[in-house]
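Subject: Structure handover

Hi,

Here is the structure I said I would pass on.

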Amino acid sequence: MNQVTTSVLFSVNQQQRLLKHQKLKVSVFSLLSSLIAGITTLTVSSSPAKAEFLPYRFVSGKESIRLDATTLISLEAIGLTLSNIDELVPPATGYEFAWPVVPPSTILGNRGTTFEFLFDQETDTFLPTSGTIEFSGVFSFAVDPTRYSLISPLELGELSVFFTDYFSFFAIDTVTTNVPILSVNTFSAPTVDVEAGTWFLEPIELIFTQKFSDFLVNAALTQETADQVASVIPGLKFGEARGDRGFVPLKTTSVPEPSSLLGLLMAVGTACILRKKH
């Protein structure tokens, strides 16, 4: 074993003892280890080609949605019956309805999509950087007045999709609850065509969140209803979706860089995850 290897092993062992001493969670250590491994993977797989990330912004598109029939039955059982869905644009094949993306606003303070991302054509790597995706469209539930202290119909929608520091995506209902009612889960990288300015991704799972459950629990008139909501809503699959977007390049001479080590690790790790596989 040479001196370099011994030094590396000593450094790793020292870091592990420090983490154990500080009682950090195993999940955090695993995350950082995976991201560091991702950096190595990206470095190796990108050679000899050099990644060139350029910035873009979503400016148009739609979200096509197909609801889960079993979920609708479960919602009816706890006093929420789907009564209306806005069908604003034609959906993609195989989906029931679609909602359009709200274009970026030219007026300060007006609602509009601001989602920006980096993309490298050489490695087909997609990396979200900032902003939200705004949608037009509302769906409504007829509410059982013996179960909830809510105005019927309960209107939800005009969704605002954002992502967290750990690249988890959520959709905020901006009509009634003003909380993230859906987790937006994806399982693969999007297909990006820079020349055409198009982006699409499927399947996307729409999952009811704990915060939506909490909203309904707080509105429940009986403990029985509250208990039913708490056992049914969190993690319940509302439906599946396909995202179609139009985008334009941003006129900038510099690409934003993460401002911290954790940001850098997260960015590179996610870039590895969101690479389109050939």
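Buried residues make up 38% of the 278 residues in the protein chain, where buried means under 20% relative accessible area, exposed means over 50% and partly exposed is in between (1.4 Å probe, protein chains only). Before you go further: this is a predicted model, so local features need pLDDT of at least 70 and side-chain atom pairs count only at pLDDT 80 or more, while totals for chains, interfaces and linings use all residues. Residues are numbered from 1 along each chain as its sequence is written, and side-chain values use heavy atoms, with hydrogens and water left out.

The protein chain has six helices and 14 strands; these are DSSP runs numbered from the N terminus, with helices (H or I) of at least four residues and strands (E) of at least two. Among contacts in the protein chain with a separation of 6 or more, 66% are between residues 24 or more positions apart; contact means heavy atoms within 4.5 Å.

Now the helices. H4 (residues 210-219) and H5 (residues 223-232) pack at an angle of about 175 degrees, and their axes are 8 Å apart. Axes here are lines fitted to C-alpha atoms, for helices over the stretch in contact, and angles run from 0 to 180 degrees between N-to-C directions. Ser-213, Leu-216 and Val-217 of H4 meet Ala-226, Val-229 and Ala-230 of H5. By class, that contact of H4 with H5 has five nonpolar residues, one polar and no charged; Ala, Val, Leu, Ile, Met, Phe, Trp, Tyr, Cys and Pro count as nonpolar, Asp, Glu, Lys and Arg as charged, and the others, Gly among them, as polar.

Is Ser-213 buried or exposed? At 1% relative accessibility, Ser-213 counts as buried. Leaving aside neighbours within four places in sequence, Ser-213 is in contact with Val-229, Ala-230, Ile-233 and Pro-234.

Helix H3 (residues 69-77) has Asp-68 capping its N-terminal end, with a side-chain oxygen 3.0 Å from the backbone nitrogen of Thr-70. After H3 comes Gly-79, with a positive phi near 95 degrees.

Some backbone details are worth a look too. The peptide bond from Ser-152 to Pro-153 is cis, with omega near 0 degrees, and Pro-153 lies in the loop between strands E7 (138-143) and E8 (154-157). Glu-202 to Pro-203 is also a cis peptide bond, with omega near -5 degrees, but Pro-203 is found in strand E13 (residues 198-208).

Pro-203 turns up again around Ala-241 in strand E14 (residues 237-249): not counting residues up to four places away in sequence, Ala-241 touches several residues, including Leu-201, Glu-202, Pro-203 and Ile-204. At 0% relative accessibility, Ala-241 counts as buried.

Asp-124 has phi near 55 degrees and is buried, with a relative accessible area of 16%. For Asn-178, phi is near 60 degrees, and this residue is exposed, at 53%.

Cheers

Note on methods: Polar contact = N/O pair within 3.5 Å; in protein donor to acceptor, adjacent residues only side chain to side chain.
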